[in-house]
Structure formats: C-alpha cells, structure tokens
Amino acid sequence: MTFNPPVLEQRFLLDHIVGIAQLEEGANDLVDPILEESAKLAAGEFAPLNRIGDEHGARWKDGAVTMPPGFREAYSSYVEGGWGTLTASPDYGGQGLPYALGTCVFESLTAANTAFSLCVMLTAGAIDALQHHGSDSQKERFLPKLITGEWSGTMCLTEPQAGSDVGALRSEAERRDDGSFAIRGQKIFITYGEHDLTGNIVHLVLARIKGAPAGTKGISLFLVPKFRRGANGEFDQPNGVHCLSIEKKLGIHASPTCVLAFGDGDECIGELIGEENGGMRAMFTMMNNARLNVGLQGVAIAERATQDALAYATTRIQGRRAGSEDPSPVPISQHADVRRMLLRMKALTQASRALVYYTAGMIDKGVRGDRAAATRVDLLTPLAKAYGTDVGCEVASIGIQVHGGMGFIEETGAAQHLRDARITPIYEGTNGIQAADLVTRKLALGNGAVLNDLVAEIKAASADQPQLQRLADEVARLSEYLAGAGVEDRLAGSYPYLTMLSVCVCGWLMALQLGRASEDSDFGASKRQTARFYLDRIVPEVMGLSASVTAGAGSLYALSEAALLS
Ligand SMILES: Cc1cc2nc3c(=O)[nH]c(=O)nc-3n(C[C@H](O)[C@H](O)[C@H](O)COP(=O)(O)OP(=O)(O)OC[C@H]3O[C@@H](n4cnc5c(N)ncnc54)[C@H](O)[C@@H]3O)c2cc1C
C-alpha cells in the first residue's frame, strides 16, 4: 500500500496547536521543506521496506543480527540526510530545532515503517539522557556520533524478574581502580540491542553498584558501548556485550528484540552516568521522551491504517446504497456503518495526534523557560502514551474490519498494522502503569493545580461545546473524588479515568481545530467534520466510564484467588 505522510495536517497542527512561529524564529521558511523532505524519505525509502521487514524479519546467527534487505541502504539515507541532527543540541552537531518539528518527522518515519523507526527512537532517548545527565567528557565522546546516527542507542532496563518492577533488577556494577565499572548481568527484550546498521551501539544500562540499597533507590545508570575505545583512540575493542538470541514476536518483526549478556566470561566496562544511585532519575529522562514517542507510534500506525482503509473502502464495490433509487452497487464507503468506521478512524487518529503534538509543543515551551508548560508535560505524558497507543490498536483493528475478510489476509497489510501496534500499550511502561502514575503522582502535581488549571482552560475555551463542557465538569468531579480516595480505590478507577481525561483534552484540541479550519478546501471540510464527529460521538461516549472510576476496589477484590480461578 502506498503511504502519503500527512504533511498538510502536520503543518496545520504546528501552526494552530503548537504555535511553531512563537517557538522558532523564521519557522515559516523552515517548516515546509522539512515536512516535505522527510515525507519523501518516509514514503520513498522507509515505507517500501515495511512489508519486507515484516516477512523477512531481523535474523540472529552466532551472536550477530542481520537486518532485512534494504534496511542498511535506507538507514544510510537517514544518516546522510542529517535527519538525526534535527532537534539535538548544536553544541554536539545538532540543529537545535523545536522538538515538535522533530515529532512530525518521527511520525512520518514511524507510519512508514514502525519496526525500522524504533532504532531512531531509542537513539533519541539515549541522546536525551546523555544531554541531561552525562558528563562533558561523555557528551564529547558519544553525542556527536549518536546525533548523526552513525551510532545507535539502547535502553536496557528489563530482566526476567524485573519488568514493570524495575527495582527488582539484579545486574551488577563493580567499581574498578580507574573509576569505571565492571558490568555483569543479563537483560531481556532489548530493542535494537544488536544489529548491523551502525558502527557502534551505546547501551544505557540500569544496574546496582555492589552494596547499594535494594529497590529503585539503589539503581544507577551506566553507559556501556558495544565497542570501547582502544589504545589507538578508536572505538574498536569488543566490550563484552553479547546478543544471546532475539525474540520471535507478534509484530515489529524487523525490530530485533534481544537478550543481552553483559560481562559473561569477558570484561564489560561501563561508565556511571550522573549520580551514584541516581539511575532512576536519569532513566526517567529517557523514558519520558520514549513514552511520548511510543504514544506517537500509536498515532502513526493509526494514520497508516486509516489511509489503507480509506483507499480500500472507496474502491471495494459491494451492495447498493440503502434508501437510494439507484440499484447499482456502490463502494463500501457509501454504507453508513462503513462511513462510521472511517470517520471514527480519522477522528481518533487526529485527536490523539493533536494530544501528542500539543505535548511536544509544551516540551519546547518548557525548554525555553516556561515552568507551567514543563509541569503540564508531566501530567500529559501518561495520557499521550496510553491514549495514543490505545487509539493505535483500536484504529488498526477497525482497519481490518473495513477490509472485511481481506483484512484478515496478510496480503492487504491491514493485519500487520494491528500486529505492529499491539506492543505499544505494553512497552515503555504498560498502559496500566501509566494510569497508576496518573492517579498516584500526576494528579497531585502542584497540589492538584496543574490538573485544575488544565480543566479550567478547557472549560473556558469550550463554552459553545455542551458535550465537552459536561465531560470537563465530570472530570473535575472525578479528580476530586480520586484525590480523596484511598490508594486501592484510586488505582481501581485509574484506567477509565485516564481515558476520560485524555478524551477531554483531545476534545478541547479538536474544538480548537474546528474553530481554525477554513471551510473552502477539502482539507478544511474534512477537518471540521472529523472534529465534529469526535465532539458529538466520542466525547459523550466516555461519560459512561464514570461509574467505573468511582466503583472502588471492593468489588475487584471480592473474589478470593481460588474463586477467581474457577
Ligand atoms: C517487543 C518488546 C520490546 C521491548 N523493548 C525494551 C527495551 O528496549 N528495553 C527494555 O528495558 N525493555 C523493553 N521491553 C520490555 C517492556 O518494557 C516490558 O515488557 C514492560 O515494561 C512490561 O514488563 P513485563 O513484560 O515484565 O510485564 P509485567 O510487569 O509482568 O506485567 C504484566 C501485566 O501486569 C500489569 N502490572 C504489573 N505490575 C503492575 C502494577 N504494579 N500495577 C498494575 N498493573 C501491573 C502490567 O500492566 C501488565 O498488564 C520490551 C518488550 C517487548 C515485548
């Protein structure tokens, strides 16, 4: 299936939701060429490899991982085009452009080829962590090549007994005489832990320094390159990191998900990043970046699934239109229920995109000194991650439904979208963990003021949207209820609450777009109808979740484990 990156939509959001002109002087001249050129790379080089990657997959042999045919060449185009440098710091070879603009580029690459774009995503997270927490020497040695993409990055948290509970990890670090650390341990599920796209791989590894406290308080972050620097000054000495295997997965087949052994039989040397036992703080920098990008993955797959469904529905002829005099068969897009599905796909995709882009714009404002924007990002990040990925799965699933039986057949590509999307609510902190983060930490930000300010802004801006007003009032009431509830009751209502709050924010962003889209173009007309669909159908639909927010934990725990099993 051909893929057309949504350049018009990206530009519209940058202008009307992000406010790019206020973020970057001369943005007007910059934005269009960047959107258009990245769209060419995405559609021309990444997208044609999506199917190949799915069918061929990354392959492991004797510790080495070979990427599917064509990936190395397309990756070279990414590096040569300087795409990795867009938002990174100019001190280390980056262009320092707004994060929101990088978000557009990343969306296009991800929609084109989700499995491939993960390499870029993990590298961006490593760059972010090093920029914030690395020493000057670490930045000088590692950032330039990570920024160009000549080297890639990973994020190594998970171990068999330490998934959501990162504090249970057992990887160890032992101080060496020269101040570096010997790293020992095994990590699982490491995305792009080994591959043949780059000359080096910079692993950011969570481990416990010998004697450090148990749990998250005793975790430190280490920089562990696949190749360390030799006496000749080159990074060409193997550093005791071995890829033991890669996983067979439901989707993202071209993204190698690796079991990595560190210091198993040979020496693996790491450097501490940031403070001793300060690993979680440093890792959160990387994870927050990755969480927003995973939310964006959901949006990107939803976009691709929607484009494919629209193309199919407007050409597949089946049955006459109900109520029409004309007996001729029509494209299925003429049937009311298919229309409903298509508009739902468009509405969910555009609304969740607006949420992610808005959050990206707030990151930019925060970086430029706006404290209120920075704290709003903290509140919005779990929403963007969880709602964006839930939308990705729902839209990909509807996409299969629109294709009918052909959707269930791999040939159309609709099934791959759902298989690829299905990991996104799981990794980078499951969506259940995002909901828990929202009700246990984020609601309390500023003693509740961060949330209250957001809801007040939504209410003030949507006086002419009665359904959205009702939802905002209900969210305010539920937030008060949660603030006063015990922790079990709060957690029991966390997921439906997260969905309601996400839809409330998205409804607001769709209402803003409705007010700004002109009626005299296909794009404007489509934007207005799609926004109306979201406000009239999706916003009221989530009011029904209210009862489960306040139902409490009692009925969840009413069954004993034995009764649960019966
Ligand atoms: C394809 C793929 C790529 C990955 N890439 C990476 C990577 O690059 N680096 C890395 O470090 N890890 C990576 N992971 C690991 C991923 O982040 C974990 O799988 C994820 O965090 C969940 O951990 P788990 O699988 O152990 O599930 P578990 O923690 O066992 O969770 C199982 C279920 O229980 C729920 N649950 C667990 N604890 C709680 C709780 N306290 N409250 C409420 N619900 C809870 C979860 O929400 C989930 O539904 C990857 C995984 C996959 C499959």
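**Entry 1: ground rules**

I am working with a predicted model, where local features need pLDDT of at least 70 and side-chain atom pairs count only at pLDDT 80 or more, while totals for chains, interfaces and linings use all residues. Residues are numbered from 1 along each chain as its sequence is written, and side-chain values use heavy atoms, with hydrogens and water left out.

**Entry 2: the ligand**

I looked up the shell around the ligand. It holds 17 residues, and Met155, Thr158, Ser164, Phe189 and Thr430 come nearest. A residue is near if one of its heavy atoms lies within 4 Å. I sorted the shell by class: nine nonpolar, six polar and two charged.

Next I checked polar contacts (N or O pairs within 3.5 Å). The side chain of Ser164 has an N or O atom 2.6 Å from a ligand oxygen. A polar backbone atom of Leu157 is 2.8 Å from an oxygen of the ligand. A ligand nitrogen lies 2.8 Å from a backbone N or O atom of Phe189.

How much of the ligand's accessible area does the protein cover? I found 60% of the 970 Å² that the ligand has on its own (Shrake-Rupley method, 1.4 Å probe).

Two elements give two or more residues to this shell: β3 (151-156) and β5 (181-191). β5 gives the most, with three residues. Strands here are DSSP runs of E, at least two residues; helices are runs of H or I, at least four.

**Entry 3: the second largest pocket**

I turned to the second largest pocket, with about 540 Å³ of space. A pocket is an open set of points on a 1 Å grid where a 1.4 Å probe fits, with protein on both sides within 12 Å along at least five of seven lines; lining residues have an atom within 4 Å of a point.

I noted 19 lining residues, with Pro6, Glu303, Gln307, Leu310 and Lys346 nearest the centre. Which helix gives the most to this lining? α9 does, with five residues. The lining has seven nonpolar, seven polar and five charged residues.

**Entry 4: aromatic pairs**

I counted 10 aromatic pairs (ring centres within 6.5 Å; planes under 30 degrees apart are stacked, over 60 edge-to-face, the rest tilted). Phe142 and Phe235 are edge-to-face, 5.4 Å centre to centre with 65° between the planes. Phe142 sits in helix α8 and Phe235 in strand β9, 93 residues apart.

How values were computed
A polar contact is a pair of N or O atoms within 3.5 Å; within protein, one must be able to donate a hydrogen and the other to accept it, and residues adjacent in sequence count only if both atoms are side-chain atoms. Ala, Val, Leu, Ile, Met, Phe, Trp, Tyr, Cys and Pro count as nonpolar, Asp, Glu, Lys and Arg as charged, and the others, Gly among them, as polar. Grid points are joined across faces, edges and corners, and a volume is the space filled by probe spheres set on the points. Rings of Phe, Tyr and Trp (its six-membered ring) pair if their centres lie within 6.5 Å; planes under 30 degrees apart count as stacked, over 60 as edge-to-face and the rest as tilted.
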